[in-house]
Amino acid sequence: MRKKILIGRAKECERLDECMESFQAQLVIVYGRRRVGKTYLINEYFDNDFAFKITGTYNKGREVQLRNFNSALNRKTNNKDIAPKDWFEAFDRLRDYIETLDEDKKQVCFFDELPWLDNQKSDFLSAFEWFWNDWASTRDNLIFIVCGSATSWMDENIANNKGGLFNRQTCKLYLKPFKLNEVEEYLRLKKITWSRYDIIQCYMVMGGIPYYLSLLSNKLSLEQNIDQLFFRDGGELWDEFVHLYNTLFSNSDSYIRVVEALSRKRGGLTREEIIGEISKPSGGDLTKILNDLILSGFVRVSGFYNKKKKDALFQLCDYYTSFYFRYIRDNYGKDEHFWSNSIDNPSRRSWEGLVFEQVCRDHIAAIKHKLGISGVLSQESSWFIRADRGKVISGAQIDLLISRRDRVITVCEIKFSRGEFEIKKDYDLSLRNKIEAFKQATNCRESIQLVMITTFGVKKNQYSSVVQNQVTMDDLFVAIHLPCE
């Protein structure tokens, strides 16, 4: 069925190939962050050739959803039936239609934006469970694909359903944003020939979200593109934030308060610190909000070295959301050339340094590959300590620690610069003090390896020998093939 290899989706296409070659009915779940390319993947893979397809309509009730379902089915059957009275009748009609199709050919049904179909008191999920368990699961030629951007809903109600759909899915595809090498390949397809330095800066703003990248123009520079999309009056992405959160979460204000709090602390916040920031009591509501944000790809949980799970840090990991709070929210409409005019702004340089740390965290596999430890089990974490005069320990912070099974701890120092990074006397002393503070505070007995992760490498001088290994931005662009989830 596939006509071409889709950028960044080779593993997903292989899984779909397996589904098409299977001799039993397939229930395929496709989910992931909004704008990540779920619908595009399915449409392209199947060349828009479906036995039946329907897309849920945002914020509309059962009557509208059933009317849309009926219109889609009537177009397939050339009938003029009135809309079904409920979803049980709708799925009954879908069954009657599928039974008229060629049994020797794979029949693909695609329900896109499934969570929007399941509005309050619609009984959609119950009807779908009945349809699948009573009949569809017995049709060896049926491929039934369900897709949705409300990742938490998809996870709870389909992927990890505890009721009638428990363990019924045959294939789960969780689409992740592009990595740097995939962004580079995608931009090349759009005839955009930027340097890797520019591509990383683009990644800091948009992440690897295909839809955002699709809006870039090859006639404009990176700065001009960002001005055009985010800061120009009526730019395509200036109001993306509200639309993004409102369509994903029913109580979006609560979710926005959490991500806003996280945006103010780049290193992340513990659960208790989040409660303090948003003045919300601890309880199930916050737990659900955090879990939903993690499942939706907006927040990650980062371990804290030698600390219990309850001390884990929650970090905002969605680049667009970060960029929105830092620059868009308070600057839209004030200067249509805001980004171009801020190239040499020290505040922007500071921001780039912080976000580059996140880029590195998102490319741990590439970093381990460069260090030659891809096959070594490891755990990534952060660490910091406040100065303690009584114990004579100076304050220190390590943004990325790689604790390896071979009893080596890789301490990663991350620096974003325009050229080679130069270690001077003061910074050399700071690095040595940081490692010593870490050893003392943690009673570390493992070997310590200091690695510098920079854009263009470390300049050789009398102090550079403190670094035992280094990773450059080019190393982050290496394609690492991981199994599809």
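This is a predicted model: local features need pLDDT of at least 70, side-chain atom pairs count only at pLDDT 80 or more; totals for chains, interfaces and linings use all residues.
Close-up 1. On the α9 side the contact is made by Tyr203, Met204, Val205 and Met206, and on the α16 side by Tyr319, Tyr320 and Phe323. Sorted by class, the residues of this contact are seven nonpolar, with no polar and no charged residues.

**Close-up 2. The largest nonpolar core has 78 residues.** Within this core, the residues that touch the most other members are Phe230, Leu293, Phe323 and Phe356, while the element that gives the most to the core is α9, with eight residues. Leu293, when residues up to four places away in sequence are not counted, touches Tyr245, Phe249, Tyr255, Val258, Val259, Phe298 and Val299. Another core, of 38 residues, lies apart from this one and has Ile29, Phe52, Trp132 and Leu165 among its members.

**Close-up 3. Helix α14, residues 271–278, has a buried side and a face turned away from that side.** The buried residues of α14 are Arg271, Ile274, Ile275 and Ile278; seen down the helix axis, these buried residues fall within an arc of 100 degrees, so they line one face of the helix. Glu272 and Gly276 are exposed, and they are carried by the face turned away from the buried side. The residue that follows α14 is Ser279, whose phi is positive and near 55 degrees.

**Close-up 4. Helix α13, residues 252–263, packs with α14.** The two axes come within 10 Å and cross at roughly 110 degrees, and that makes α13 roughly perpendicular to α14. From α13 the contact takes in Arg257, Val258, Ala261 and Leu262, and from α14 it takes in Ile274, Glu277 and Ile278. By class, this contact of α13 with α14 has five nonpolar and two charged residues, and no polar ones.

**Close-up 5. Arg348 is a buried residue of helix α18.** The helix runs over residues 346–361, and Arg348 is buried because its relative accessible area is 2%, against a limit of under 20% for buried residues. When its neighbours within four places in sequence are left aside, Arg348 is in contact with Gln201, Glu223, Tyr327, Trp339, Ser342 and Ile343.

**Close-up 6. The buried residues of helix α6, residues 124–134, pack against both helices and strands.** Buried in this helix are Phe124, Leu125, Ala127, Phe128, Glu129, Phe131 and Trp132. The strands they pack against are β1 (26–32), β3 (107–112) and β4 (142–148), and the helices are α4 (87–98), α5 (114–117) and α7 (151–159).

**Close-up 7. Leu117 is a buried residue of helix α5.** With a relative accessible area of 0%, Leu117 counts as buried. Leu117 and Thr57 are 60 residues apart in sequence, and their C-alpha atoms are 7.1 Å apart in space. Not counting residues up to four places away in sequence, Leu117 touches Ile54, Gly56, Gln65, Trp87, Phe111, Ser122 and Phe124.

**Close-up 8. Lys85 is an exposed residue in the loop between α3 (62–77) and α4.** Its relative accessible area is 62%, and Lys85 is therefore exposed. The C-alpha atom of Lys85 is separated by 9.6 Å from that of Arg67, which is 18 residues apart from it along the chain. Lys85 also touches Arg62 and Leu66, when residues up to four places away in sequence are not counted.

**Close-up 9. Asp47 and Lys191 each have a positive phi.** Most residues other than glycine have a negative phi. Asp47, which is not a glycine, has a phi near 55 degrees and is placed in the loop between α2 (38–45) and β2 (52–55); at 44% relative accessibility, Asp47 counts as partly exposed. Lys191, also a residue that is not a glycine, has a phi of about 60 degrees and is found in the loop between α8 (180–189) and α9 (196–206). Lys191 is exposed, with a relative accessible area of 64%.

Key: Residues are numbered from 1 along each chain as its sequence is written. Side-chain values use heavy atoms; hydrogens and water are left out. Buried means under 20% relative accessible area, exposed over 50%, partly exposed in between (1.4 Å probe, protein chains only). Helices (H or I, at least four residues) and strands (E, at least two) are DSSP runs, numbered from the N terminus. The arc is that of the directions from the helix axis to the C-beta atoms. A nonpolar core is a set of buried Ala, Val, Leu, Ile, Met, Phe, Trp, Tyr and Cys residues joined through side-chain atoms within 4.5 Å. Contact means heavy atoms within 4.5 Å. Ala, Val, Leu, Ile, Met, Phe, Trp, Tyr, Cys and Pro count as nonpolar, Asp, Glu, Lys and Arg as charged, and the others, Gly among them, as polar. Axes are lines fitted to C-alpha atoms, for helices over the stretch in contact, and angles run from 0 to 180 degrees between N-to-C directions. Angles under 35 degrees count as roughly parallel, over 145 as roughly antiparallel, 65 to 115 as roughly perpendicular and the rest as oblique.
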